Amino acid sequence: MEQILMENTSENVKDKGVIRASQHSFIKGKLCLTNLVAFYDRVTASVNKGRNTDITCLDFCKAFGTVPQNNIAFKF
């Protein structure tokens, strides 16, 4: 059942153009590597045209693991 729902939802989202071509997450055939290559191509093209190019990289990998648990308030 889950597979049927996922396929149906994926087709619907694709047909209606909800997800842009630049989207790489959760898209079949597009991986972190393809995202990195696309990013590299855009930055390289910008630099080659002589444009000022700034890049900011943020790593949220362990962001929530560093927050003291007693500081997190849960409200239901």
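Ser46 sits in helix H2 of this predicted model. With a relative accessible area of 15%, Ser46 falls under the 20% cut-off and is therefore buried. Setting aside neighbours within four places in sequence, the residues in contact with Ser46 are Arg51 and Thr53.

Thr53 is worth a look of its own. Thr53 belongs to the segment after H2, and its relative accessibility of 28% lies between the 20% and 50% limits, so Thr53 counts as partly exposed. Once residues up to four places away in sequence are left out, Thr53 touches Val43, Ser46 and Val47. The link to Ser46 runs through the side chains, which make a polar contact at 3.0 Å. A polar atom of the Thr53 side chain also lies 3.2 Å from the backbone oxygen of Arg51, and Arg51 is itself one of the residues in contact with Ser46. As for Val43, that residue is 10 residues from Thr53 along the chain, and the two C-alpha atoms are separated by 7.2 Å.

Stepping back to the helix itself, H2 covers residues 32-48. H2 has 17 residues and spans 24 Å between its first C-alpha and its last, close to the 24 Å expected at 1.5 Å a residue. After H2 comes Gly50, with a positive phi near 80°.

H1 takes in residues 2-15, 14 residues in total, and reaches 20 Å from its first C-alpha to its last, close to the 20 Å expected at 1.5 Å a residue. Just after H1, Gly17 adopts a positive phi of about 70°. Overall, the secondary structure of the protein amounts to 2 helices and 0 strands.

Then there is the surface. The protein has an accessible surface of about 7,900 Å², and carbon and sulfur atoms account for 58% of that area. One nonpolar patch on this surface, about 590 Å² in area, is made by Leu31, Leu33, Leu36, Val37, Phe39 and Ile55. Among these residues, Leu36 lies in helix H2. Leu36 has a relative accessibility of 52%, over the 50% limit, so Leu36 counts as exposed.

Notes: Residues are numbered from 1 along each chain as its sequence is written. Side-chain values use heavy atoms; hydrogens and water are left out. Patches are made of residues with over 30% relative accessible area and no salt bridge: like charges are joined within 9 Å, nonpolar side chains (Val, Leu, Ile, Met, Phe, Trp, Tyr) within 5 Å. Accessible areas come from the Shrake-Rupley method with a 1.4 Å probe; for residues, only the protein chains shown count as cover. A salt bridge is a side-chain nitrogen of Lys or Arg within 4 Å of a carboxyl oxygen of Asp or Glu. Helices (H or I, at least four residues) and strands (E, at least two) are DSSP runs, numbered from the N terminus. Buried means under 20% relative accessible area, exposed over 50%, partly exposed in between (1.4 Å probe, protein chains only). Contact means heavy atoms within 4.5 Å. The expected span of a helix is 1.5 Å times one less than its number of residues. A polar contact is a pair of N or O atoms within 3.5 Å; within protein, one must be able to donate a hydrogen and the other to accept it, and residues adjacent in sequence count only if both atoms are side-chain atoms.
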